[in-house]
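Thank you all for coming; today I would like to walk slowly through one structure.

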Amino acid sequence: MPADDRPPSTTLPAPLTSFIGRDSEIGDVLSLLDDDGTRLLTMMGAGGVGKTRLCLEVARRVEHDFADGAAFIPLAAIRDPELILHAIAKTAGVQERDDQPLVDSLVAALRDRHLLLVLDNFEHLLATSPLWLSELLGRCPRLKVLVTSRIALRIGGEQRYLVSPMPIPDPDGAIDVSEVTAVRLFVQRAHFIRSDFALSDANREAVSDICRRLEGLPLAIELAAARVNMFPPEQILLLLTDRFRLLAGGEQDAPVRMRSMRDGVAWSYDLLPAEEQQLFQQLSVFIGGFALDAAAAVGEGSLDAVAGVTSLVAANGRRARWRHPLCHAGNDSGVRVGAARRQWWRESREKPSRELVYRPRKSGFRG
Ligand SMILES: Nc1ncnc2c1ncn2[C@@H]1O[C@H](COP(=O)(O)OP(=O)(O)O)[C@@H](O)[C@H]1O
Ligand SMILES: [Mg+2]
């Protein structure tokens, strides 16, 4: 599509790499957006799972259906919720006026606009309820809002969509691995780094194992693929047992929280309220995962452990593989704390003062 065919107010950033896979997700989200009843659609999922990328791809495909195009507002660098309205006003070209609240100026400017507003990285602004957004949606009937956030906004009319990690190769090898999305992403990114890199009989198994080990998380796959300048895939696989050392060192122009898995985990952790941070630290004594009653024994003294774990683990979505940034629900009704997250905690925080006294009898718990 030539640039001058785009709606005049479009501010979607142009991607620097090609988009891979996600056909069914795009289909799902397009039909949700197409529904007149959908005014606010939140794409949820773990950090690095591909929310922003998917959201931009969808926005790019529908921007022509909106007479006034699409406006992209990156919120990650905004710390003060008050400043969001200023950011939206600036992007949408709305004049701020001294004699009226900013939300009124925005409503006056957007009331008749047929616009898709894309708000990226909403999660860290959820300490205060986004009432202004309900107000904007209520007073601007032709406005649709697409949000990415690790956590739901929990405001009226919110339609939620859970973004899962990418499909990974099946252990039984039924499907050609070169067609599997996570492998395609690895190969394409590795090819950027080394133009002679290609999937071959010699490296196919290692690349598949890397994608499995990284659970289909696109950010982690990109970081691992960036290492092909130094190591062959078999070696990357071996080094992944110490994932942080290998994966630290993403692109220098990426936002800080994207540069490594460690930054991603730290960002998630810092967003938690103090009681949940304390619970997360206490839970890090478990090696692979835990059952809720084990968490209750260990988490005693912080907040209600069951409520806390429920908050650390987002509810299982349509697909069991969907993960919260810090914990995720296992297939066995236990809870798993990802290895990367525990390792980060162990390295950067004090060791827990309490010894693990609870001994499991349940199969969902490995201490
Ligand atoms: N479908 C995709 N095709 C190509 N690259 C992708 C895809 N999904 C994610 N990525 C890449 O993986 C990284 C993490 O994705 P991103 O959308 O930023 O995750 P999130 O917003 O969930 O934290 C980014 O560099 C992004 O470009
Ligand atoms: Mg994002």
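This is a predicted model: local features need pLDDT of at least 70, side-chain atom pairs count only at pLDDT 80 or more; totals for chains, interfaces and linings use all residues.

Let me start with strand β3 (residues 115-120), which pairs with strand β4 in the parallel sense over 6 bridges, where pairing requires that DSSP finds at least two bridges between two strands, and where strands (E, at least two residues) and helices (H or I, at least four) are DSSP runs numbered from the N terminus. Within this pair, Leu119 stands opposite Val147 of β4. Between the two strands the chain passes through helix α5 (residues 131-139), and this β-α-β crossover is right-handed, meaning that, with the strands pointing away from the viewer, the path from the first strand over the helix to the second runs clockwise.

Residues are numbered from 1 along each chain as its sequence is written, and chains are lettered from A and ligands numbered from 1 in the order in which they are written.

Strand β4 also pairs in the parallel sense with β1 (residues 40-44), over 5 bridges, and there Leu40 has Val145 as its bridge partner.

How many of the residues of β4 are buried? In this strand (residues 143-149), 7 of 7 are buried, that is, 20 or more other C-beta atoms lie within 10 Å of the residue's own, with 12 or fewer counting as exposed, anything in between as partly exposed, and C-beta atoms placed from the backbone. Leu143, Val145, Val147 and Ser149 lie on one side, and Lys144, Leu146 and Thr148 on the other.
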